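Here are my notes for your first read of this structure. Keep the model open and find each residue as it comes up.

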Amino acid sequence: MSRQAFVALVTCFNEDETVNYQATRAQVRRQVEAGNNIMCAGTNGDFTALTFEEKVRLTEEVVDEVGGRVRVIVNAGMPATFETIKLAREFDRIGIDGIAVITPFFIACTQDGLVRHFSTVADAVQTPVYLYDIPARTQNHIEPQTARTLARHGNIAGIKDSGGAKETLGAYLQVSKEVDGFQVYSGPDHLVLWALQNGAAGCISGLGNAMPHVLAGILSAFNSGNVAEAERQQAIFAAFRTDLYALGFAPAMVKRALYLQDASVGASRQPALLPNDEQDAQVANLLRQYGML
């Protein structure tokens, strides 16, 4: 099976904080040309700052720009099951390859509550659903046993693990070995190759916004059996991640690194962190070190 890379695509904004759909389309083209698939309206896409209507239009624009050349997954997750279903049905209508559903945030959920939430969403749509676990941001965590239960739902196709721990990722990978057709996508950029070597279907990367060709290179080398090249590309990817994230909040740093390469992506909506001049200088120096500026 050929493993696949998705980029958790940034959403581009104008100076007045309206969505810049044309600039977002340009980022789609950049990723497609590099060989990466697209996930939009995720953490790196500022999904919590987007309105319902903007998410729907964003999906329409991305799908149109992709034109069937790569796969598209869109995050529909919201705190309430009701709104998640409303949004997921809109994505179902548009026609995408997968609907990611981040765990509810702000509302504390039991594991039984998570099973009900994800099962109800998956029952409501035709498009395959992917669980999305990022407990550091949502405060709700999909336990491996809960993933095992949900994996047996006929319309739940896999999980994106953004927890960052090998132990949890390994437990999800074990579920994928037990339940046929359940796919695991790694979120942490330092674990891309490790996840692939341990049975992951691919990765969904935020850092790939800034380094699309390195991300694609890891997957290409792995799929062709060139382990040494995959390790070389992963080492570059992991080193850049360490250096960049040392400067500030990860999604904000990825967006700023991309902004300094292409100002059309804009800043994020407030109250997202805005880098200062000193931080911009540090990011620019880092980009030059890696031959990206």
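1. Is Tyr-185 buried or exposed? Tyr-185 is buried, because its relative accessible area is 2%, and the cut-off for buried is under 20%. Keep in mind that this is a predicted model.

2. Phe-6 and Tyr-185 form an aromatic pair. The pair is edge-to-face, with 5.6 Å from centre to centre and 90° between the planes. Phe-6 sits in strand 1 (residues 4-8) and Tyr-185 in strand 7 (residues 183-186), so the pair ties together parts that lie 179 residues apart in sequence. Phe-6 also counts as buried, because its relative accessibility is 0%.

3. Ring pairs link Phe-6, Tyr-130 and Tyr-185 into a cluster. Searching the whole structure gives 4 aromatic pairs.

4. Another of the pairs joins Phe-47 and Phe-105. Why is it called edge-to-face? The ring centres are 5.8 Å apart and the planes stand at 80°, so the pair is edge-to-face; the cut-off for that class is over 60 degrees. Both partners come from loops. Phe-47 is in the loop between strand 2 (37-40) and helix 2 (52-66). Phe-105 is in the loop between strand 4 (98-102) and helix 4. The pair therefore ties together parts that are 58 residues apart in sequence. Phe-47 is buried, with a relative accessible area of 6%. Phe-105 counts as buried too, at 18% relative accessibility.

5. Lys-86 lies over the face of Phe-52, at 5.4 Å from the ring centre.

6. Next, Asp-161. Which strand holds it? Asp-161 lies in strand 6. Asp-161 is buried, with a relative accessible area of 0%. Leaving aside neighbours within four places in sequence, Asp-161 is in contact with Asp-133, Thr-168, Leu-169, Tyr-172, Tyr-185, Ser-186, Gly-187 and Pro-188. Tyr-185 in that list is the ring partner of Phe-6. Take Gly-187 as an example of distance. Asp-161 and Gly-187 are 26 residues apart in sequence, but their C-alpha atoms are 5.4 Å apart in space.

7. Helix 6 covers residues 144-151, and its buried residues are Thr-146, Ala-147, Arg-148, Leu-150 and Ala-151. What covers them? The cover includes helix 4 (111-124), strand 5 (129-133), strand 6 (156-161) and helix 7 (166-178).

8. Then the empty space. Rolling a probe the size of a water molecule over the atoms shows where such space is left. How many cavities of 30 Å³ or more are there? The count is 1. The largest cavity holds about 30 Å³ of space. Its lining is made of Met-39, Ile-73, Ala-100, Tyr-130, Leu-131, Tyr-132, Lys-160 and Ile-204. Strand 5 gives the most to this lining, with 3 residues. By class, the lining has 7 nonpolar, no polar and 1 charged residues. Tyr-130 in this lining also belongs to the ring cluster with Phe-6 and Tyr-185.

9. Pockets are open, so treat them separately from the cavity. The largest pocket has a volume of about 520 Å³. Its lining has 25 residues, and the closest to its centre are Thr-43, Asp-46, Thr-48, Phe-249 and Ala-272. Helix 5 (135-138) and helix 11 (250-261) each supply at least two residues of the lining. Helix 11 gives the most, with 4 residues. The lining divides into 14 nonpolar, 6 polar and 5 charged residues.

10. Finish with the second largest pocket, which has a volume of about 430 Å³. This pocket is lined by 23 residues, and Ile-134, Ser-162, Gly-187, Tyr-245 and Ala-250 lie nearest its centre. Helix 5, strand 8 (202-205), helix 10 (227-245) and helix 11 each give two or more residues to the lining. Which element gives the largest share? Helix 11 does, with 3 residues. By class, the lining of the second largest pocket has 10 nonpolar, 9 polar and 4 charged residues.

Conventions:
Residues are numbered from 1 along each chain as its sequence is written. This is a predicted model: local features need pLDDT of at least 70, side-chain atom pairs count only at pLDDT 80 or more; totals for chains, interfaces and linings use all residues. Side-chain values use heavy atoms; hydrogens and water are left out. Buried means under 20% relative accessible area, exposed over 50%, partly exposed in between (1.4 Å probe, protein chains only). Contact means heavy atoms within 4.5 Å. Rings of Phe, Tyr and Trp (its six-membered ring) pair if their centres lie within 6.5 Å; planes under 30 degrees apart count as stacked, over 60 as edge-to-face and the rest as tilted. A charge sits over a ring if NZ of Lys or CZ of Arg is within 6 Å of the ring centre and within 35 degrees of the ring normal. On a 1 Å grid over the protein atoms alone, a cavity is a set of points where a 1.4 Å probe fits but cannot get out, and a pocket is an open set with protein on both sides within 12 Å along at least five of seven lines; lining residues have an atom within 4 Å of a point. Grid points are joined across faces, edges and corners, and a volume is the space filled by probe spheres set on the points. Ala, Val, Leu, Ile, Met, Phe, Trp, Tyr, Cys and Pro count as nonpolar, Asp, Glu, Lys and Arg as charged, and the others, Gly among them, as polar.
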